[in-house]
Amino acid sequence: MDARKIMGPGPLSPPVAPPANGRTRMLHENMIDAIGHTPLLRLDLPGPRATAYAKLELQNMFAMKDRVARQIILSARESGELRPGAPIIESSSGTMALGVALVGTALGHPVYIVTDPRIDPMTLAKLRSLGCVVEVVPKMSAHGWQSARLERLEQLRAELDGAFWPRQYSNPQNPAAYRTLAEELLADLGHVDVLVGAVGSGGSLCGSARALREYLPDLWVVGVDCVGSVLFGQPDEPKRLQSGLGNSMHPPNLDHAQIDEVHWLNDREAFTAARALAREQQVFGGNTAGSVYRVLRHVVAGLPEGARAVGIFPDRGDRYADTVYDDGHWDTHRLHELPDRTEPVRVPYGVRVRSWSCSYLTESRKDLAWRVA
C-alpha cells in the first residue's frame, strides 16, 4: 500500500528519533525480548475520587505468564540446570503452558505440556501450532486435576533424559519475574496505594507486591480468588468453572504475608464481571480479568481523593468465547441460579463463602484498612 494514501497529501515526513529514555521504543530483536512493557490504562469509572488503573498483562504475546516462563527458563539455562536442546515439561491448562511454549520453542527446546480436559480449544490450537507435544490426562485423581497432571508429569520426567520442569508453583523465579512489572508501575505512576490481583500460583501478586513494597511499604494488597479454591481457608470444589485463578493445592509461592485482604467471587459473578469489563471499558478479558475488575471498582470507590489503585489484568477473552461469553454455556451450567452480589460481604477469615465475600488476612496491618473501607 502506498504510504501517501495513509499520510495524506504532501511529502512524507522524515523518521522521528525515539525519545532519549527509550520508554516508547517498540523495536524488539526477538519474541522473548518483547515480553512485558504492557500498557497501563486509566479506567473510566463514574464517581470515585481516587483513580483506578488496569495493568494490561493480557497484552503480552500470549498472557501474563510469559514473564514467568522467560524468567524461569533463562535462569535455568544460565545456571546449567537446563541444557541446550533439552526438553521442557510443564503441567498447565492455561497461560503458563503458552508462556513455556513461547519461550521454550523460541530457544530451541522441545516442549511437553501436560494438561486436562478443561483446556480450551484455542489454547490447545496455539500449543500445537508452536510444535508442543500436548498430553491430556483422562481423569482427575483423588486430589483433583492438578494432582492428576503432576502424576503424569513425573512419568515424563523419568522417560525424557535431561527434562527440565519449571515448577511454577514452587520455583522462586516465578514471583521474581514480576519485579519487571513492579518497575513498570513505578516508572509510570511513581506511587501506588492499592494493588489488586488474582491468585493462582501466588507468583504474580506476591512477587509484584514484594518488589513494590521495597519502595512503598504502606502498599495495601488485595488478592482475588474464586469460590471453591483452597488458597485462603476454603474447602475445595474441583468442579468450579473459573480458570486462571484459584487452586486445589497450596502452592509454596503463595506468601500470605504479602496479602492484606482477599475477595472470593463465584462463577456467575466472575463471568458477569468479565462481560461488564468488555462493555464498560472495551477490554475483552477472561474471567480472571473480570474478577479483578469487579474488586478494583469496589476498592477504588472507598479510597480518598488522590489515591491510586492498580489492578493486574492477566488474561484475554479469546480463550473464553465458548464459556464466559456463551449464553448456552451459562444455561448448561445453570449459572443464573447462583447468587450475584453487587457488593461483597465481609466475613471472618475461615467462614465458608458461596458468593462475593471478603476477609482481612493481616490483622497487624488493619490500621491501614481505612483507605479501602
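Q: What rules apply to the numbering and the values?
A: Residues are numbered from 1 along each chain as its sequence is written, and side-chain values use heavy atoms, with hydrogens and water left out. The model is predicted: local features need pLDDT of at least 70, side-chain atom pairs count only at pLDDT 80 or more, and totals for chains, interfaces and linings use all residues.

Q: What makes residues 33-315 an annotated span?
A: The UniProt record, an unreviewed entry, carries the annotation "domain: Tryptophan synthase beta chain-like PALP" for residues 33-315. UniProt positions are given in the numbering used here, feature names are shortened, and annotations may be inferred rather than shown by experiment. The end C-alpha atoms of this span lie 20 Å apart. The span is 37% helix and 16% strand.

Q: How do you know that the length of H3 agrees with a helix?
A: Helices (H or I, at least four residues) and strands (E, at least two) are DSSP runs, numbered from the N terminus. The expected span of a helix is 1.5 Å times one less than its number of residues. H3 (residues 95-106) has 12 residues, so it should span 16 Å. Its end C-alpha atoms are 16 Å apart, which agrees.

Q: Why is H3 called largely enclosed?
A: Buried means under 20% relative accessible area, exposed over 50%, and partly exposed in between (1.4 Å probe, protein chains only). In H3, 10 of the 12 residues are buried, so the rest of the structure largely encloses this helix. Among them are Met 96, Leu 98, Val 100 and Leu 102.

Q: What covers the buried residues of H3?
A: The cover includes helix H2 (65-79), strand S3 (88-91), strand S4 (111-115) and helix H4 (121-129). Just after H3, Gly 108 takes a positive phi of about 85 degrees.

Q: What makes a set of residues a nonpolar core?
A: The set holds buried Ala, Val, Leu, Ile, Met, Phe, Trp, Tyr and Cys residues joined through side-chain atoms within 4.5 Å. The largest such core here has 57 residues. Those with the most contacts inside it are Leu 127, Leu 195, Leu 212, Phe 232 and Ile 259. H3 gives the largest share of this core, seven residues. This core draws at least three residues from each of domain 1 (31-59 + 174-362) and domain 2 (83-159). Apart from it lies another core, of 32 residues, including Leu 45 and Val 222.

Q: Why is Leu 195 called buried?
A: Its relative accessible area is 0%, so Leu 195 is buried. Leu 195 lies in strand S6.

Q: How do you know that Leu 195 touches Leu 212?
A: Contact means heavy atoms within 4.5 Å. Not counting residues up to four places away in sequence, Leu 195 touches residues including Leu 212, Val 222 and Ile 312. The C-alpha atoms of Leu 195 and Val 222 are separated by 6.2 Å, though 27 residues apart along the chain.

Q: What makes H8 mostly covered?
A: Nine of its 10 residues are buried. Among them are Gly 203, Leu 205, Cys 206 and Leu 212. The cover includes helix H6 (173-176), H7, strand S6 (194-198), strand S7 (220-226) and S9.

Q: Where do the names domain 1 and domain 2 come from?
A: Domain bounds come from an automatic or database domain assignment. For the protein chain this gives domain 1 (31-59 + 174-362) and domain 2 (83-159). Their centres, taken over C-alpha atoms, are 25 Å apart. The contact takes 10 residues from domain 1 and 16 residues from domain 2.

Q: How much area do domain 1 and domain 2 bury between them?
A: Buried area is the accessible area (1.4 Å probe) that two parts lose on being put together, summed over both. For these domains the value is about 1,100 Å², 63% of it on carbon and sulfur atoms. In domain 1, Ile 32, Met 249 and Arg 319 lose the most area to domain 2.

Q: Is Gly 228 buried or exposed, and why?
A: Gly 228 has a relative accessible area of 4%, so it is buried. Its place is in the loop between S7 and S8.

Q: Why is Arg 167 called partly exposed?
A: Its relative accessible area is 33%, so Arg 167 counts as partly exposed. Its phi is near 50 degrees, a positive value in a residue other than glycine.

Q: Why does Gln 282 count as exposed?
A: Gln 282 has 63% relative accessibility, so it counts as exposed. Gln 282 lies in the loop between helix H9 (267-281) and helix H10 (287-301).
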